[in-house]
Amino acid sequence: METMPPTATPATLPENARRTPPVWLVTLLVCAGQFLVVLDVSVVNVALPSMRAGLGLSELGLQWVVNAYVITFAGFMLLGGRVADLFGRKRIFVVGLALFTVASLAGGLAQEPWQLVAARAVQGIGAAVLSPATLTILTTAFPAGPARTRAIATWTAVGAGGGAVGGLVGGVLTEYLTWRWVLLINVPVGALVLAGALLWLTESRRGEGRRLDVPGALLVTAGLALVAYGIVQTESDGWTSASALLPLAAGLLVLLVFVAVEARTKAPLMPLTLFRLRSVYAANGAMVLAGAAMFSMWYFLSLYVQNVLGYTPLEAGLSFIPHSLSIVLGSKIAPRLMNRAGAKTLAVAGALISAAGMFWQGQMDADGTYLGTLLGPGVLMAFGAGLTATPIASIATSGAAVSDQGLVSGLINTSRQMGGALGLSILSTVAATRIAADRGGRAAMADGYGLAFQVGTVILLASVLLMVLALPRRPEDAHHD
């Protein structure tokens, strides 16, 4: 049986943090914040046509409604994780949630395209500050063992569920209200969670004096944002275009400068010694690859059911309910299976189950049916994804010191987002190339989407190989090169 080493004990937390509220209340509050963050990655997708009609958005403007959120979310994540360590997890949770909620209100009330895009960018910043704090509060509030594992599993399930039900929520709100409500719905929910956090969450931070590595913060944020921008540009302009290659090259150069600066500063934003931990470098590498394959699942399934099978947005959202339930189920039973089989074994098994579902889904055609083409492989993909995410997140945070928990949480979230953006860009290019080669049409689209799932299977198997070779099997191995 594997157990994760403690990342926090009552003795390591401030006196006021020892009088914790009920476990279920802490979990409820932070998971509600994570749900909002993940939901907003996908909830706007089905509302995009209505947004375009309502505000007169151009094709480029429509793309930036999505990309503005993704780029700032990925770019500010590491900074968000570190400021939570330095200035207090509760405080940064509240600041991030407040920023996210106000930006949602501004986006829902936008009268011009630029106002909506700007609001989505600020939403992404709020999400990047909020998301690492949610995981850090859990990993530092609960003692090592079953309680913390269950909390991480719930966090994973809620996050996965938010991404899964985004299409359904967006479809219902757009069809029965207006597109504005896909953003405005965050306001009352965010305000309620904000009030609960102020009343019931307790503060914790690292014990040493506050000092933020400003040069490092600026460099890593700029570098990640440039890389994310370059990745999303490949979707519309291709991998060989200057609009994609220049920001990618610039982003990688800035990140290299960041590494050089961190190696010389006394109080680095990202202590490079963290990457000597197998738990950190192996789990994040596995998360990048797994995210690259799994993140794209909902995107291509949505395209397939609407463009090939002719589902309405609402029908598409309803069709994914079994998928959503499967990913939540996988996340919720993961702690019990981790106690029996170990975190590494469960991560590998979950990824293999998801890969089997992806390969099966890759056989889709233009005459597919819900029962024969979507339900079986979709449930396998989602269930495997739920089983995989919890042990990887647990392993990633297992070897880090209490003072670095926010940073490591931000890092694993960054790996998930950057892997997802990179995978979506690659698989979209693969699908578009096949569709163009087949001269379009329903059959060509089904063929292209199927090929995307087949390539995703290969990426996921590469993740499995990395897990087998590099993930630590025992807690003490997390500290070894």
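The following legends accompany close-up views of a predicted protein model.

**Figure 1. The protein chain as a whole.** The predicted protein chain contains 20 helices and 0 strands. Of its 481 residues, 58% are buried. Among contacts with a separation of 6 or more, 84% are accounted for by residues 24 or more positions apart. The chain exposes about 18300 Å², and carbon and sulfur atoms supply 69% of this area.

**Figure 2. Confidence along the protein chain.** The mean pLDDT of the protein chain is 81, and 88% of its residues reach 70 or more. Confidence is highest in helix 17 (residues 343-361), at a mean of 94, and lowest in helix 1 (residues 15-18), at 43. Over residues 1-18 the pLDDT is below 50, although this stretch has 46 contacts in the model beyond near neighbours in sequence. Where pLDDT is low, the predicted coordinates should not be read in detail.

**Figure 3. Helix 10 and its extent.**

Figure 4. The buried residues of helix 10 are Asn-186, Gly-190, Val-193, Leu-194, Gly-196 and Ala-197. These residues lie on the same side of helix 10, because they cover an arc of only 165 degrees around the axis. An α-helix has 3.6 residues a turn, so residues three or four places apart point the same way. The face turned away from the buried side of helix 10 carries the exposed residues Leu-192, Leu-198 and Leu-199.

Figure 5. The side chain of Thr-101 reaches the backbone oxygen of Leu-97 at 2.7 Å. When neighbours within four places in sequence are left aside, Thr-101 is in contact with Asn-186, Val-187, Gly-190 and Ala-191. Among these contacts of Thr-101, Asn-186 and Gly-190 belong to the buried residues of helix 10.

Definitions and conventions:
Residues are numbered from 1 along each chain as its sequence is written. This is a predicted model: local features need pLDDT of at least 70, side-chain atom pairs count only at pLDDT 80 or more; totals for chains, interfaces and linings use all residues. Side-chain values use heavy atoms; hydrogens and water are left out. Buried means under 20% relative accessible area, exposed over 50%, partly exposed in between (1.4 Å probe, protein chains only). Helices (H or I, at least four residues) and strands (E, at least two) are DSSP runs, numbered from the N terminus. The arc is that of the directions from the helix axis to the C-beta atoms. A polar contact is a pair of N or O atoms within 3.5 Å; within protein, one must be able to donate a hydrogen and the other to accept it, and residues adjacent in sequence count only if both atoms are side-chain atoms. Contact means heavy atoms within 4.5 Å. Accessible areas come from the Shrake-Rupley method with a 1.4 Å probe; for residues, only the protein chains shown count as cover. pLDDT is the predictor's confidence in each residue, from 0 to 100.
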